[in-house]
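Please have the sequence and the model at hand while reading.

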Amino acid sequence: MERRELDFVVLNQGYVSVNGRELEHEASGNALLTELYRNHIADWPKFFKMDTLSKAGFVASELLIKELGEHRLGSEEFAQGRAIVLFGATASLCADRNYQETIQDKDNYYPSPALFVYTLPNIVTGEIAIRNHWRGETSFYVTEAPDAAQMAFHLACAFQDQVTDSILAGWVDSSRNDDFQAFMTVVRREDAADTGWIEGQLKRMINILNNK
Amino acid sequence: MEEMILKLKQEIIEVLNLEDIKPEEIDNDAPLFGEGLGLDSIDALELIVLMEKNYGIKLQDPAKGKEIFKSINVMADYIQKNRTR
């Protein structure tokens with residue numbers, strides 16, 4: 001039996017697609033994330049407080065969940081079994097810089113608590129988990145570039161706990177406030193054993209991301 | 001006082017990234033936390049920084065914030081009485 005390809009979202013500062021269908025948009029950079037939020041999400045004001053990394057991860061996850069038709073308040077079992085495993089290259093460097101600007105000048109030294117809370121890359125996984133009431137494992141791996149084999153390996157490891165049933169997985173990176181790249185998909189336990197197939201699916205998404 | 005209240009609302013909207021809220025939509029007597037604007041503990045810390053940065057008020061006891069941030073009117077009144085700049 002032929003296996004159904006994984007659903008996915010690809011997003012960068014000037015491009016957004018869901019399962020390869022490009023979404024219309026007018027803005028670019030950080031304003032694109034706000035446009036996507038207003039047009040497709042619009043009911044989570046905390047979005048405006050997020051750093052670019054979290055905004056990109058949040059928007060990508062929301063578009064994907066919409067495409068999958070998942071009910072946000074799923075069963076307890078679903079919530080426990082949904083993990084989040086994300087990868088990125090520059091971690092929270094962008095938020096780190098923004099925060100540092102608030103403490104750079106000793107005569108204008110006002111550390112911003114709101115910027116400080118985003119100075120960890122795994123905050124994006126928390127933002128997504130809180131929004132969806134998911135209580136599975138969350139991880140954020142820092143690696144030089146998206147590598148399908150490496151990602152497939154870590155996803156296979158995550159399924160070994162016997163609790164995880166599905167994983168929101170992908171790449172999310174932001175090196176500057178107006179610059180971001182993300183792709184996101186959901187991998188299910190029944191597909192996880194075939195790491196070669198998962199790797200192929202991820203490669204397809206990485207190719208789109210790299211060519212946009 | 002009215003001018004100061006408007007300025008304070010604009011500062012709060014900017015510093016807390018309340019992009020969907022306009023100054024006139026903030027009720028001067030409504031609680032800032034909980035129901036009102038639905039602010040959280042990080043927002044409370046940002047308001048403490050705002051008071052120090054913009055009005056020179058150093059809140060020694062953060063617990064006092066609970067009283068001061070009760071509403072825009074209470075906050076504006078506290079700033080008026082304690083500002084150093």
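Which residue in β7(A) does A:Asn12 stand opposite? A:Asn12 stands opposite A:Gln181. This is a predicted model, in which local features need pLDDT of at least 70 and side-chain atom pairs count only at pLDDT 80 or more, while totals for chains, interfaces and linings use all residues. Residues are numbered from 1 along each chain as its sequence is written, chains are lettered from A and ligands numbered from 1 in the order in which they are written, and side-chain values use heavy atoms, leaving out hydrogens and water.

**Strand β7 of chain A**

- Strand β1 (residues 8–12) pairs with β7(A) in the antiparallel sense over five bridges (pairing requires at least two DSSP bridges).
- Strand β6 (residues 166–176) also runs antiparallel to β7(A), joined to it by nine bridges.
- A:Ser166 has A:Arg188 as its bridge partner in β7(A), and a hairpin of two residues joins β6(A) to β7(A).

**Salt bridges within chain A**

- Over all chains the structure holds 21 salt bridges (a side-chain nitrogen of Lys or Arg within 4 Å of a carboxyl oxygen of Asp or Glu).
- A:Arg3 and A:Asp191 form one of them, at 3.5 Å from N to O.
- This pair links distant parts of the chain, 188 residues apart: A:Arg3 is in the segment before β1, and A:Asp191 is in helix α8 (residues 189–192).
- A:Arg3 is partly exposed at 33% relative accessible area, whereas A:Asp191 is buried at 13%.
- A:Asp43 and A:Arg131 meet in a salt bridge of 2.7 Å, N to O.
- A:Asp43 lies in the loop between α1 and α2 and A:Arg131 in helix α6, so the pair ties together parts that are 88 residues apart in sequence.
- A network of salt bridges links A:Asp43, A:Glu62, A:Arg72 and A:Arg131.

**Interface of chains A and B**

- The contact (heavy atoms within 4.5 Å) takes 14 residues from chain B and twelve residues from chain A.
- Three salt bridges are counted between the two chains; B:Asp43 and A:Lys49 meet in a salt bridge at 2.9 Å, N to O.

Key. Helices (H or I, at least four residues) and strands (E, at least two) are DSSP runs, numbered from the N terminus. Buried means under 20% relative accessible area, exposed over 50%, partly exposed in between (1.4 Å probe, protein chains only).
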